[in-house]
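Please look over the structure shown below before reading on. The report then takes up a helix, a metal site, a sheet and an aromatic pair.

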Amino acid sequence: MIEFTVATRSRTDFLDVTGEVQAAVKELAVADGVVLVFVPHTTAAVTINEGADPDVVRDIDMELGKIVPLSDGYHHAEGNSAAHIKTSLVGSSELVIVSGGRLVLGTWQKLWFCEFDGPRQRRVTVQAV
Ligand code: ZN
């Protein structure tokens, strides 16, 4: 397993971690198979979506904020229930095919680390399956 860290910059933040995951694939010496990208946090997630236009993840962030308001009479005393809920909606992992040592992603696809309770130092793990 390979682990790397990311530093998020604000309460919600989307970071392109495709390069870091590709580097992990190389370090794991995976030629052909599948890698699991897992975020071991309860208020951060990972997703695959467009990387060409930064407005795409901006819109995702904006709409998630409408679906899950920052405060809504939540019970969780820590005050970050919205972040927990967004994490469950987006998910903690992605499986990506590896072929010829390269992540198999569509032309516009990137792996996005999704911060919902930053800014913080976060961990991302990558394991060959
Ligand atoms: Zn909490």
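Which residues are exposed on the other side of α2?

## Basis of the model

This is a predicted model, in which local features need pLDDT of at least 70 and side-chain atom pairs count only at pLDDT 80 or more, while totals for chains, interfaces and linings use all residues. Residues are numbered from 1 along each chain as its sequence is written, and side-chain values use heavy atoms, with hydrogens and water left out.

## Helix α2

Helix α2 comprises the 13 residues 55–67, helices being DSSP runs of H or I with at least four residues and strands runs of E with at least two, numbered from the N terminus. At 1.5 Å a residue, α2 should span 18 Å, and its end C-alpha atoms are 18 Å apart, which agrees; the expected span is 1.5 Å times one less than the number of residues.

The buried residues of α2 are Val57, Asp61 and Leu64. They cover an arc of only 65 degrees around the axis, which puts them on the same side of α2; the arc is that of the directions from the helix axis to the C-beta atoms. On the other side of α2, the exposed residues are Arg58 and Lys66. Buried means under 20% relative accessible area, exposed over 50%, and partly exposed in between, with a 1.4 Å probe and protein chains only.

## Zinc site

The zinc ion is coordinated at 1.9 to 2.2 Å by His76 (NE2), Glu78 (OE), Asn80 (OD1) and His84 (NE2), where donors are N, O and S atoms within 2.8 Å of the metal (3.2 Å for Na, K and Ca), and sites may look incomplete because water is not among the atoms. Along the chain, the donors follow the spacing H-x1-E-x1-N-x3-H.

## Open sheet

An open sheet of 5 strands, with antiparallel pairing, has the order β1-β8-β3-β5-β6; two strands pair if DSSP finds at least two bridges between them. β1 (2–7) and β6 (102–103) stand at the edges with a single partner strand each, so one side of each is left without a neighbour in the sheet. The antiparallel strands β1 and β8 are joined by 6 bridges, and Val6 stands opposite Arg122 in β8.

## Aromatic pair

The structure holds 1 aromatic pair. The ring centres of Phe14 and Phe116 are 6.2 Å apart and their planes at 85 degrees, so the pair is edge-to-face; rings of Phe, Tyr and Trp (its six-membered ring) pair if their centres lie within 6.5 Å, with planes under 30 degrees apart counted as stacked, over 60 as edge-to-face and the rest as tilted. Both Phe14 and Phe116 are buried.
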